[in-house]
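Open the structure in your viewer and keep the selection tool ready.

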Amino acid sequence: MARRPLQEINAGSMADIAFLLLIFFLVTTTMSTNTGMQRKLPPPPDPNQKNDEKNVKERNVMVVLINKDNNIAIKGRPIQLKDICEKTKKFFLNPNNDENLPEKKIKDIPYFGKYPVSKGVVSLQTDRATNYEKYLQVNNELVRAVNELRDEKAKQKFGMPFDELDQDKQKAIKEVFPLNISEAEPRRIAAGAGK
Amino acid sequence: MAKFARKGKGGTPAISTASLPDIVFMLLFFFMTVTTMKEVDLKVKIEKPKATEVKKIENKALVKYINIGVPIKKYQSKFGKEPIIQLNDAFAKVRDVVPWVDAVRADMDAENRSKMTTALKIDKNAKMGIVTDVKQELRKAKALKITYIADKTTQEDFY
């Protein structure tokens with residue numbers, strides 16, 4: 001008997017199988033990747049330790065309040081959302097060593113040597129009825145202020161934006177401008193801004 | 001010129017579909033690489049807030065989601081119209097957060113446990129009350145790295 005020539009496998013259905021897979025992946029996956037604002041929570045309060053917020057001098061704290069009507073106040077004065085960033089930057093920089101703005105502490109930082117780091121802390125306080133969106137917007141402004149300060153410092157010192165620096169330099173700059181935002185335990189805040 | 005003599009009958013020959021699987025496979029691989037698997041079916045409606053200082057979420061294996069929003073229509077009769085927490089596939093109460101974190105941690109590799117990030121995916125119309133409660137629970141569970149899920153926007157659109 002003559003040998004039959006090897007028959008080729010029909011690849012016509014390959015396309016169908018591939019289409020099936022393709023459609024499966026299109027349905028079960030999502031294109032959008034999530035983006036988020038990274039923050040760190042303070043560790044749980046230690047019952048043995050006394051409230052250390054009292055030990056912080058008043059000039060070193062900037063209280064940002066958002067009340068239940070979503071009005072914002074800094075140090076008791078009402079403020080618009082778009083002015084927060086400037087105010088925060090001034091608070092952390094304190095260029096003229098103003099008596100009412102935070103003190104500075106000389107710290108040894110690589111690349112910078114002895115550098116006066118601000119002791120300022122932003123305290124963000126909200127009411128239980130505050131809108132989450134407002135809270136995030138204010139949070140965003142505070143983070144933006146610090147990020148802009150870091151970026152300016154990076155450009156001034158290294159001639160590069162903060163994101164393009166290597167890890168050591170980023171760490172040094174983070175020490176120069178720490179992200180000092182503390183979130184107090186929630187409490188009721190009256191409609192009128194104030195303490 | 002015999003070489004160019006047309007063989008057989010005239011008319012256009014059928015287009016070969018032999019390369020079709022290759023093309024489709026190419027598409028398939030493209031989609032497999034650029035997309036991600038859906039995490040869970042959301043049972044709450046979440047309209048993400050907008051922010052400028054956001055970063056892409058890297059390393060998905062380390063990020064666990066807590067969703068807070070108003071239950072979608074078919075669950076509203078049972079769970080009400082107030083924002084509620086969804087952990088994994090089920091609705092949850094504030095007190096379920098700590099056990100959830102512990103369970104999630106136990107599932108992770110030992111060296112990754114400290115790097116766990118909790119992503120708070122919260123509807124922008126939610127109130128801070130429930131958000132603060134969840135944050136307090138996370139502090140108790142020592143899951144301190146959090147990220148607020150928000151869409152990136154430009155400075156001009158932000159205000």
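Predicted model: local features only at pLDDT ≥ 70, side-chain atom pairs only at ≥ 80, totals over all residues.

**Stop 1: the scores.** Colour by confidence before you look at any detail. The model has an ipTM of 0.76 and a pTM of 0.77. Select chain B: its mean pLDDT is 84, and 92% of its residues reach at least 70.

**Stop 2: chain A.** Select chain A and switch to cartoon. Trace chain A from the N terminus and you pass them in the order α-β-β-β-β-β-α-β-β-β-α-α-β. Chain A has 195 residues, and 22% of them count as buried. Now look at its contacts with a separation of 6 or more: 67% of those are between residues 24 or more positions apart.

**Stop 3: where the chains meet.** Show both chains. The contact involves 42 residues of chain A and 47 residues of chain B. Select H1(A) next. With nine residues, H1(A) gives the most to this side. Colour the chain A side by class and you will see 22 nonpolar, 13 polar and seven charged residues.

Stop 4: Select E1(A) together with strand E1 of chain B, residues 36-37. The two strands run antiparallel, joined by two bridges. Zoom in on Thr30(A): opposite it, in E1(B), stands Thr36(B).

**Stop 5: a covered strand.** Move to chain B and select strand E6, residues 84-87. Are its faces covered or open? Both are covered. Ile84(B) and Gln86(B) are buried on one side, and Ile85(B) and Leu87(B) are buried on the other.

Strand E5 of chain B, residues 63-71, pairs with E6(B) in the antiparallel sense over four bridges. Within this pair, Ile68(B) has Ile85(B) as its bridge partner. Strand E7 of chain B, residues 90-92, also pairs antiparallel with E6(B), over three bridges. Here Gln86(B) is partnered by Phe91(B).

**Stop 6: the turn.** Finish at the hairpin of E6(B) and E7(B). How many residues lie between the strands? There are two. Select Asn88(B) in this hairpin: its phi is positive, near 50 degrees.

Note on methods:
Residues numbered from 1 in each chain as written. Chains lettered and ligands numbered in written order. pLDDT = per-residue confidence, 0-100. Buried ≥ 20, exposed ≤ 12 C-beta atoms within 10 Å, placed from the backbone. Contact = placed C-beta atoms within 7 Å. Nonpolar A, V, L, I, M, F, W, Y, C, P; charged D, E, K, R; others polar. Pairing = 2+ DSSP bridges.
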